[in-house]
Amino acid sequence: MSRVGKKPVPVPSGVTATVDGQMVRVKGAKGELSFVVPEEVSVALEDGAVSVNPRDESKTARAKWGMSRAQVSNLVEGVSKGFEKRLEINGVGYKAAVAGKVLKLSLGYSHDIDYAIPAGVTITTPRPTEVVVVGIDKQVVGQTAAEIRGYRGPEPYKGKGVKYSDEFIFRKEGKKK
(Lines give C-alpha, C1' and ligand atoms only; values in the text may rest on other atoms or scores of the structure.)
Protein backbone atom coordinates (compact mmCIF):
# COMPACT_ATOMS: atom_id res chain seq x y z
CA MET A 1 0.00 0.00 0.00
CA SER A 2 1.39 3.39 -0.98
CA ARG A 3 2.05 5.71 1.92
CA VAL A 4 3.16 8.49 -0.43
CA GLY A 5 0.05 8.28 -2.61
CA LYS A 6 -2.42 8.58 0.28
CA LYS A 7 -1.53 12.21 1.02
CA PRO A 8 -3.19 14.75 -1.27
CA VAL A 9 -0.92 17.36 -2.86
CA PRO A 10 -1.76 20.79 -1.40
CA VAL A 11 -1.92 23.64 -3.93
CA PRO A 12 -0.39 26.79 -2.35
CA SER A 13 -1.70 30.30 -2.95
CA GLY A 14 -0.48 31.79 -6.22
CA VAL A 15 -0.59 28.40 -7.92
CA THR A 16 -3.55 27.17 -9.98
CA ALA A 17 -4.05 23.50 -10.71
CA THR A 18 -6.55 22.10 -13.23
CA VAL A 19 -7.46 18.47 -13.82
CA ASP A 20 -8.84 17.56 -17.25
CA GLY A 21 -9.36 13.81 -17.45
CA GLN A 22 -5.90 12.28 -16.99
CA MET A 23 -4.07 15.59 -17.65
CA VAL A 24 -2.90 17.70 -14.69
CA ARG A 25 -1.85 21.29 -15.49
CA VAL A 26 -0.18 23.48 -12.88
CA LYS A 27 0.47 27.18 -13.38
CA GLY A 28 2.47 29.39 -11.03
CA ALA A 29 4.78 32.37 -10.78
CA LYS A 30 7.73 30.57 -12.41
CA GLY A 31 5.85 28.96 -15.31
CA GLU A 32 3.45 26.22 -16.35
CA LEU A 33 3.90 22.43 -16.30
CA SER A 34 1.66 19.49 -17.16
CA PHE A 35 1.68 15.74 -16.57
CA VAL A 36 -0.45 12.93 -18.03
CA VAL A 37 -1.41 10.54 -15.23
CA PRO A 38 -1.39 6.81 -16.20
CA GLU A 39 -4.76 5.15 -16.87
CA GLU A 40 -4.43 2.88 -13.81
CA VAL A 41 -4.67 5.92 -11.54
CA SER A 42 -7.48 8.46 -11.09
CA VAL A 43 -6.80 12.08 -10.21
CA ALA A 44 -9.17 14.72 -8.82
CA LEU A 45 -9.03 18.31 -7.57
CA GLU A 46 -10.75 18.48 -4.16
CA ASP A 47 -10.88 21.60 -1.91
CA GLY A 48 -7.49 23.09 -2.81
CA ALA A 49 -5.59 19.82 -3.11
CA VAL A 50 -4.94 17.28 -5.85
CA SER A 51 -5.74 13.73 -4.72
CA VAL A 52 -4.46 10.64 -6.53
CA ASN A 53 -6.07 7.20 -6.10
CA PRO A 54 -5.64 3.81 -7.81
CA ARG A 55 -8.57 2.59 -9.93
CA ASP A 56 -8.16 -1.00 -8.67
CA GLU A 57 -5.89 -3.05 -6.39
CA SER A 58 -3.63 -4.46 -9.13
CA LYS A 59 0.13 -4.38 -8.67
CA THR A 60 0.68 -1.93 -11.56
CA ALA A 61 -1.99 0.45 -10.23
CA ARG A 62 -0.39 0.48 -6.79
CA ALA A 63 3.06 0.98 -8.34
CA LYS A 64 1.92 3.96 -10.43
CA TRP A 65 -0.10 5.49 -7.58
CA GLY A 66 2.84 6.81 -5.54
CA MET A 67 4.80 7.75 -8.65
CA SER A 68 1.91 9.82 -10.00
CA ARG A 69 1.45 11.62 -6.68
CA ALA A 70 5.19 12.41 -6.55
CA GLN A 71 5.08 13.74 -10.14
CA VAL A 72 2.16 16.06 -9.32
CA SER A 73 3.95 17.21 -6.16
CA ASN A 74 7.07 18.00 -8.23
CA LEU A 75 4.94 20.04 -10.65
CA VAL A 76 3.51 22.14 -7.81
CA GLU A 77 6.92 22.63 -6.18
CA GLY A 78 8.54 23.46 -9.52
CA VAL A 79 6.15 26.27 -10.51
CA SER A 80 6.21 27.76 -7.00
CA LYS A 81 9.88 27.40 -5.88
CA GLY A 82 11.83 25.78 -8.71
CA PHE A 83 14.65 23.25 -8.51
CA GLU A 84 18.41 23.68 -8.25
CA LYS A 85 21.41 21.35 -8.58
CA ARG A 86 24.92 22.48 -7.68
CA LEU A 87 28.02 20.88 -9.18
CA GLU A 88 31.63 21.31 -8.02
CA ILE A 89 34.65 20.93 -10.28
CA ASN A 90 37.88 19.68 -8.66
CA GLY A 91 41.24 19.40 -10.41
CA VAL A 92 44.14 21.53 -11.59
CA GLY A 93 43.04 23.57 -14.61
CA TYR A 94 39.47 22.25 -14.49
CA LYS A 95 36.95 25.06 -14.96
CA ALA A 96 33.59 26.02 -16.44
CA ALA A 97 32.20 29.19 -18.03
CA VAL A 98 28.90 30.14 -19.64
CA ALA A 99 29.09 31.80 -23.05
CA GLY A 100 25.61 32.60 -24.38
CA LYS A 101 23.63 29.36 -24.66
CA VAL A 102 26.73 27.15 -24.29
CA LEU A 103 28.53 25.87 -21.18
CA LYS A 104 32.26 25.61 -21.87
CA LEU A 105 33.99 22.95 -19.75
CA SER A 106 37.76 22.49 -19.45
CA LEU A 107 38.14 19.08 -17.82
CA GLY A 108 41.68 17.99 -18.62
CA TYR A 109 40.98 16.65 -22.11
CA SER A 110 42.87 17.85 -25.19
CA HIS A 111 39.79 19.89 -26.15
CA ASP A 112 37.16 21.96 -24.35
CA ILE A 113 33.66 20.51 -24.10
CA ASP A 114 30.83 22.72 -25.36
CA TYR A 115 27.53 21.72 -23.72
CA ALA A 116 24.43 23.27 -25.31
CA ILE A 117 22.15 24.47 -22.51
CA PRO A 118 18.68 22.87 -22.98
CA ALA A 119 15.46 24.90 -23.04
CA GLY A 120 13.82 25.45 -19.65
CA VAL A 121 17.12 25.36 -17.76
CA THR A 122 19.37 28.20 -16.62
CA ILE A 123 23.04 27.47 -15.94
CA THR A 124 25.26 29.91 -14.06
CA THR A 125 28.86 29.74 -12.90
CA PRO A 126 29.34 31.91 -9.78
CA ARG A 127 32.95 30.69 -9.63
CA PRO A 128 34.97 28.90 -12.32
CA THR A 129 34.81 25.69 -10.23
CA GLU A 130 31.07 25.80 -9.50
CA VAL A 131 28.10 25.19 -11.82
CA VAL A 132 24.50 25.90 -10.76
CA VAL A 133 21.65 24.34 -12.78
CA VAL A 134 18.22 25.95 -12.13
CA GLY A 135 14.80 25.21 -13.64
CA ILE A 136 11.16 24.41 -12.92
CA ASP A 137 11.09 20.81 -14.24
CA LYS A 138 12.84 18.48 -11.77
CA GLN A 139 13.50 15.81 -14.39
CA VAL A 140 15.17 18.21 -16.84
CA VAL A 141 17.30 19.84 -14.10
CA GLY A 142 18.48 16.45 -12.83
CA GLN A 143 19.16 15.12 -16.33
CA THR A 144 21.17 18.22 -17.26
CA ALA A 145 23.25 18.01 -14.08
CA ALA A 146 23.86 14.28 -14.67
CA GLU A 147 25.01 14.90 -18.26
CA ILE A 148 27.47 17.58 -17.11
CA ARG A 149 28.77 15.26 -14.37
CA GLY A 150 29.08 12.45 -16.92
CA TYR A 151 31.77 14.25 -18.91
CA ARG A 152 34.30 13.65 -16.12
CA GLY A 153 32.94 11.89 -13.05
CA PRO A 154 34.92 12.10 -9.81
CA GLU A 155 37.71 9.60 -9.38
CA PRO A 156 38.44 7.98 -5.99
CA TYR A 157 42.19 8.68 -5.64
CA LYS A 158 42.51 12.46 -5.83
CA GLY A 159 38.81 13.36 -6.13
CA LYS A 160 39.33 15.09 -9.48
CA GLY A 161 36.32 15.58 -11.74
CA VAL A 162 32.77 16.95 -11.59
CA LYS A 163 30.63 16.02 -8.58
CA TYR A 164 27.40 17.14 -6.95
CA SER A 165 28.02 19.59 -4.10
CA ASP A 166 26.37 17.26 -1.57
CA GLU A 167 28.01 14.09 -2.93
CA PHE A 168 30.60 12.22 -0.87
CA ILE A 169 33.46 10.57 -2.75
CA PHE A 170 34.96 7.50 -1.09
CA ARG A 171 38.73 7.98 -1.26
CA LYS A 172 41.13 5.13 -1.93
CA GLU A 173 44.70 4.89 -0.81
CA GLY A 174 47.27 4.90 -3.62
CA LYS A 175 50.03 2.39 -4.34
CA LYS A 176 52.52 1.75 -1.56
CA LYS A 177 56.23 1.54 -2.23
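My entries follow, by topic.

**Ground rules.** I am looking at a predicted model, where local features need pLDDT of at least 70, side-chain atom pairs count only at pLDDT 80 or more, and totals for chains, interfaces and linings use all residues. Residues are numbered from 1 along each chain as its sequence is written, and side-chain values use heavy atoms, with hydrogens and water left out.

**Entry 1, the three-stranded sheet.** I looked up the strand order and got S2-S3-S4, an open sheet with antiparallel pairing. Strands here are DSSP runs of E, at least two residues, and helices are runs of H or I, at least four residues, both numbered from the N terminus. Two strands pair if DSSP finds at least two bridges between them. The edges are S2 (16-20) and S4 (32-36), each pairing on one side only. Neighbouring strands in this sheet are turned by 15° against each other on average, direction ignored. Axes are lines fitted to C-alpha atoms, for helices over the stretch in contact, and angles run from 0 to 180 degrees between N-to-C directions.

I then checked S3 (residues 23-27) against S4: five bridges join these antiparallel strands. Val26 stands opposite Leu33 in S4. Helix H1 (residues 59-80) packs on the sheet and touches S3 and S4, its direction making about 175° with that of S4. Contact means heavy atoms within 4.5 Å.

H2 (residues 138-150) has 13 residues and reaches 18 Å from its first C-alpha to its last, close to the 18 Å expected at 1.5 Å a residue. That expected span is 1.5 Å times one less than the number of residues.

Which residues of H2 are buried? I find Val141, Thr144, Ala145 and Ile148. Buried means under 20% relative accessible area, exposed over 50%, and partly exposed in between (1.4 Å probe, protein chains only). Down the axis of H2 the buried residues fall within an arc of 95°, so they line one face. The arc is that of the directions from the helix axis to the C-beta atoms. An α-helix has 3.6 residues a turn, so residues three or four places apart point the same way.

The buried residues of H2 pack against strands S7 (83-90), S9 (102-106), S10 (113-116), S11 (121-124), S12 (130-135) and S13 (161-164). On the face turned away from the buried side I noted the exposed Gln139 and Gly150.

I count eight in the structure, a salt bridge being a side-chain nitrogen of Lys or Arg within 4 Å of a carboxyl oxygen of Asp or Glu. Arg86 and Glu130 meet at 2.6 Å, N to O. The pair links distant parts of the chain, with Arg86 in S7 and Glu130 in S12, 44 residues apart. Arg86 is partly exposed at 32% relative accessibility, while Glu130 is buried at 12%.

Next I looked at Lys163 and Glu88, a salt bridge at 3.3 Å, N to O. Lys163 sits in S13 and Glu88 in S7, 75 residues apart. Lys163 counts as buried at 11%, and Glu88 as partly exposed at 28%. I also noted Lys176 and Glu173, at 2.7 Å, N to O; both are exposed.

Ala99 lies in strand S8 (residues 95-99) and is partly exposed at 42%. Its C-alpha is separated by 35 Å from that of Thr16, 83 residues apart along the chain.
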